[in-house]
Amino acid sequence: MLSAALAIASKDLRLLLSRGTGLVQALLLGLLLIFVFSLSQRVGEVMGPQGAAAIFWLASAFCQVLIFNTLFAIEEANGARFGLLLAPVPVQAVWLGKGIAGFTLLLCAQAVFLPAAIVFLGQTVSPLWHVGLATVLLADVGIVALGALLGALSQGQAARESLLSIVLFPLLVPVLLAGIRVGAAAFADDIPEGVESWLGLVAAFDALFLGAGIVLFPFVYGGEE
Amino acid sequence: MQTNRLSPAMPLVGIVAGLALALCQYMIFVYAPVEQTMGIVQKIFYFHMPLAWWSLISFLTVFVASIAFLRTRNWKWDALSGAAAEVGVLFSGLALITGSIWGRHSWGVWWTWDPRLTTTLVMWFVYAGYLVLRTLDLPRERLGTVSAVVGIVAFLDVPLVFLSARLWRSIHPAVFASKGGGLEAEMKTTVIACIVAFGFLWVALTWLRAAQRRMAARIDVLATQTTI
């Protein structure tokens with residue numbers, strides 16, 4: 001299943017990156033969000049680390065919605081979805097493949113958002129930066145597990161982006177809170193409650209939605225128009 | 001063969017709910033004493049708590065009915081999960097409003113990062129999104145499946161939302177320790193009576209909406225057959 005998932009992921013990545021349009025739209029939206037939020041500070045004023053971390057994760061969340069819409073839209077044309085469904089691999093391989101591709105793209109986007117948040121929102125990097133980075137990786141696993149599951153909901157549906165965001169964003173609340181708290185600590189080196197409990201929470205989120213994805217994906221990804 | 005006629009027990013539950021709620025009004029405003037520090041505003045507690053409890057039961061019902069639908073493909077489970085979500089969003093919305101009024105009077109703020117409040121708000125958002133999803137113009141089979149999947153995922157998230165809100169709150173000042181502690185005997189009886197009365201209301205509303213949903217689906221099928 002893993003090799004099939006990797007094949008699907010590499011196919012998607014090659015298709016999207018060779019066209020160049022897929023990630024550009026998501027990147028621009030995220031950067032625009034960071035820039036627009038930077039307008040909430042007066043000239044010379046520096047935003048608090050928690051505010052900056054919240055904006056970073058908001059940009060990531062919007063970016064992820066666009067990424068999964070694009071990833072699932074690839075197979076919408078010419079009935080290509082039936083090709084994937086007819087392939088002699090478990091249908092979960094599609095979920096895993098889309099998840100891996102989404103994870104890669106989200107990390108690429110965050111590699112741009114992070115410096116942008118530091119520059120536009122006037123942040124510094126504290127000695128806790130490696131914990132912040134580990135949280136980003138761990139949180140992204142949960143976010144893409146859920147994104148790859150719910151991204152398939154919008155198949156064949158107009159107005160996909162808005163629908164996916166209203167269903168997805170409230171579900172992401174635990175992982176976003178963790179990302180924001182630890183992110184703020186990575187900017188300012190101050191987290192009185194400790195990072196362990198937050199990391200544990202994110203790991204639980206990952207485990208829960210990886211399990212839910214494996215069980216529920218075959219129901220949402222089907223042959224219906 | 002599914003029957004599409006309304007069960008005769010349904011109006012009965014509605015009547016019992018109405019009578020029980022009327023009795024509750026008497027108990028709230030006459031039988032239960034007025035609280036010393038909060039005064040008459042404390043009475044809102046008798047509405048707030050049953051609403052919050054039964055909204056949680058609604059979301060649990062959506063979860064269980066969604067699993068049952070995916071396993072059996074019986075449309076009565078789909079109707080039940082849709083009805084329970086509607087009643088749950090209504091009840092949790094009212095619980096949030098009454099809780100906010102209580103908070104303003106008791107703690108001086110309209111909103112605070114209390115884990116219970118935050119979890120209720122996030123659940124309200126999730127299930128409001130779920131109801132939007134159910135209105136989509138999709139084939140019936142697909143809509144049922146998709147809604148059931150979201151209904152399951154949404155409930156799995158609830159404990160995590162609660163835990164994260166509790167962790168988050170540790171960085172904010174605690175506004176209060178616990179509510180509803182040390183109730184007088186009359187107040188406790190009234191709260192229990194209200195929870196039971198709202199339970200009847202919940203059953204009546206959910207049952208009615210589920211039956212309406214099944215009828216609407218049946219009418220859709222008949223209309224399609226007539227056009228063909």
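B:Arg73 is partly exposed, because 13 other C-beta atoms lie within 10 Å; a residue counts as buried if 20 or more other C-beta atoms lie within 10 Å of its own, as exposed if 12 or fewer do, and as partly exposed in between, with C-beta atoms placed from the backbone. B:Arg73 sits in the loop between helix H2 (45–72) and helix H3 (75–106) of chain B, where helices (H or I, at least four residues) and strands (E, at least two) are DSSP runs numbered from the N terminus. Although B:Arg73 is not a glycine, its phi is positive, at about 60 degrees. The model is predicted: local features need pLDDT of at least 70 and side-chain atom pairs count only at pLDDT 80 or more, whereas totals for chains, interfaces and linings use all residues. Residues are numbered from 1 along each chain as its sequence is written, and chains are lettered from A and ligands numbered from 1 in the order in which they are written.

Chain B contains six helices and zero strands, in the order α-α-α-α-α-α along the sequence. Its C-alpha atoms fill a box of roughly 70 × 45 × 25 Å along the principal axes. Of the 228 residues in chain B, 39% are buried. Among contacts in chain B with a separation of 6 or more, 81% join residues 24 or more positions apart; two residues are in contact if their C-beta atoms, placed from the backbone, lie within 7 Å.

The 30 residues of H5(B) should span 44 Å at 1.5 Å a residue, and the end C-alpha atoms are 42 Å apart, which agrees; the expected span is 1.5 Å times one less than the number of residues. H5(B) has a kink of about 30 degrees at B:Val158, shortly before the proline B:Pro159, the bend being the angle between axes fitted to the seven residues ending at a position and the seven starting there. Helix H5 of chain B also holds B:Gly144, which is buried, with 23 other C-beta atoms within 10 Å. Leaving aside neighbours within four places in sequence, B:Gly144 is in contact with B:Phe69 and B:Asp78.

The contact between the chains takes 29 residues from chain B and 25 residues from chain A. On the chain B side, helix H4 (115–134) and helix H5 (140–169) are the elements that give two or more residues, and H5(B) supplies the largest share, 17 residues. This side divides into 22 nonpolar, four polar and three charged residues; Ala, Val, Leu, Ile, Met, Phe, Trp, Tyr, Cys and Pro count as nonpolar, Asp, Glu, Lys and Arg as charged, and the others, Gly among them, as polar.

The largest nonpolar core has 140 residues, of which A:Ile55 and A:Leu149 touch the most other members; such a core is a set of buried Ala, Val, Leu, Ile, Met, Phe, Trp, Tyr and Cys residues joined through C-beta atoms within 7 Å. Helix H3 (residues 49–73) of chain A gives the most to this core, with 15 residues.

The unreviewed UniProt entry for chain A lists transmembrane regions that include residues 51–74; UniProt positions follow the numbering used here, feature names are shortened, and annotations may be inferred rather than shown by experiment. Residues 51–74 of chain A are 96% helix and 0% strand, with end C-alpha atoms 35 Å apart.
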